[in-house]
Structures are given as structure tokens and as C-alpha cells.
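Dear colleague,

Here is the structure for you to look over. My notes follow below it.

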Amino acid sequence: MHKNKWRCFFCTVLTLILYISLAVPAFGETPPIENPISGYEPVAAASKGRASDVIAIAKTQDGYKGVICNKGMNNEKRYSYFGDVWDAELAKANENSIGHWCSEFASWCLVQAKVPGAKPLISVTAWRNYYKNSLYMMYASAENASIEKETRADVVKNWFKGFQSNGTLRLKDLKEGDILLILTDKRLAGGTRAPHHTAIFDHYSGNEVFVIDGNVKANSSSSQVRVDGKYEAREVICVVRPDYNQ
């Protein structure tokens, strides 16, 4: 009877080890990545390159969850279908992606919506560089920056260094589908001196902009797409206005 108990114990341990080895990715491996939420395909098929098409495409992915490896560590990586697709393509051209996929999600939406000239973009800097003829400074960034007014104004000035802006935009000038490049108060206070987030503008209320964005609401294992993102207008450093069809 004693031997049978030990035999049963070892069988249980071996079964548990086998389960863990199959269920948990090896260290350094990318966890399984979910495909886009179904339902975007007919929207994409009917799209004609309009700003409203981009918004419609983005909203189909509300709640999509990417995965996070090594959260909080120096080698933290964030993965999603959107980033994974672009990363694979851009790797052929030796482009570098840090795996944070807000910019990649926004560009995926534009490509799916058939926006003229849209292409995969992996960073806020890539958005500025590619759409350099469609750049606007956000009026609220430099002029309504609260206690960070001088610092934020310097960030805006440096961000446009070497680039020609089409002018400044006020909240009332923003249009659906504008791409907002954002530097939050928290990141600014932490020493960041350039935009770090990309979002698709939907509407504004008061002094706040409401957006659809990816790679947000991070928890212990994932980050996701949301359609109700909200930022202070002063946190918008730059506006990119793609050449949408009417």
C-alpha cells in the first residue's frame, strides 16, 4: 500500500510537470498571439479610404488583448497581432520595433480602411517622418500646458525641429480620424521629452480628447485596444492628418 501511494504521488507530479511544460511558453518565447477580433473583414471590404472607415475598423477591435512578457523588467516586450504582422515585414528591411504596438495598430486600421498612401508604421517618430507634409502642432500642447508650460513648449519645438508644420490646431479644428501623437503628463514628469503614444481621434469634450488606441489598460499579462481613451488636450504634441478620401 505504501508503494502504491508513492507511485500515485510521482504520477501526479509528472502529470503536473507535463501540463506546465505544454501550457507555459519557454523563457524568451513569445506567448500565443490572438488574431484580430472577427467582424472587421466586411467593414474593411466596404471601406473607401475615408476617416469614418478608419474609425469603424478600429471600433471592431474594442477589447482586443495583446500579451506582455517580463512585465516591469528592462526586457519587457508587448506583442499583438498588429505589431507581429508589421514586425515580421519590417524585419526584412532591418527596421527596429520595440514591440509596443499603439502605432502599429493605428497604421493597421488605416491600411485596412484603404487610406491612400497608408503603410505599416512602428513608432510615433515614424508617423512624423512619413507624414511630414501633414503635420500640425497642437495649440493646447504649448499654450495650455499648466505648470509644465515651458517644458512642454520646448518638447513641441524640438519635436518639429527640421520639419515644417502646417500650423497650429485648436480643439475645434480637430477632425475625426486625425492621428494624435501624445506625451502624457506622467511620462513628461518622468523625463520623457518626445511623444510616446499614438491614438486615433474620435471627438472632444471640454479640454479632453477622446480616442481609439491600442496597447493600453495594461495589467499583469496583457494590454489592449479601447474605444474610450481620454487624454488632456495639452498632452497632444502633434496631429497627423492623412490624406483621407471624402
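Strand 5 (residues 179-182) is covered on both faces: Ile179 and Leu181 on one side, and Leu180 and Ile182 on the other, are all buried. Buried means under 20% relative accessible area with a 1.4 Å probe, protein chains only. Strands (E, at least two residues) and helices (H or I, at least four) are DSSP runs, numbered from the N terminus.

This is a predicted model, in which local features need pLDDT of at least 70, side-chain atom pairs count only at pLDDT 80 or more, and totals for chains, interfaces and linings use all residues. Residues are numbered from 1 along each chain as its sequence is written, and side-chain values use heavy atoms, with hydrogens and water left out.

Strand 5 pairs with strand 6 in the antiparallel sense over four bridges; two strands pair if DSSP finds at least two bridges between them. Strand 5 also runs antiparallel to strand 9 (residues 236-240), joined by four bridges. Leucine 180 has alanine 199 as its bridge partner in strand 6 and stands opposite valine 239 in strand 9.

Regards

Key: Buried < 20%, exposed > 50% of the residue type's maximum accessible area, 1.4 Å probe, protein only.
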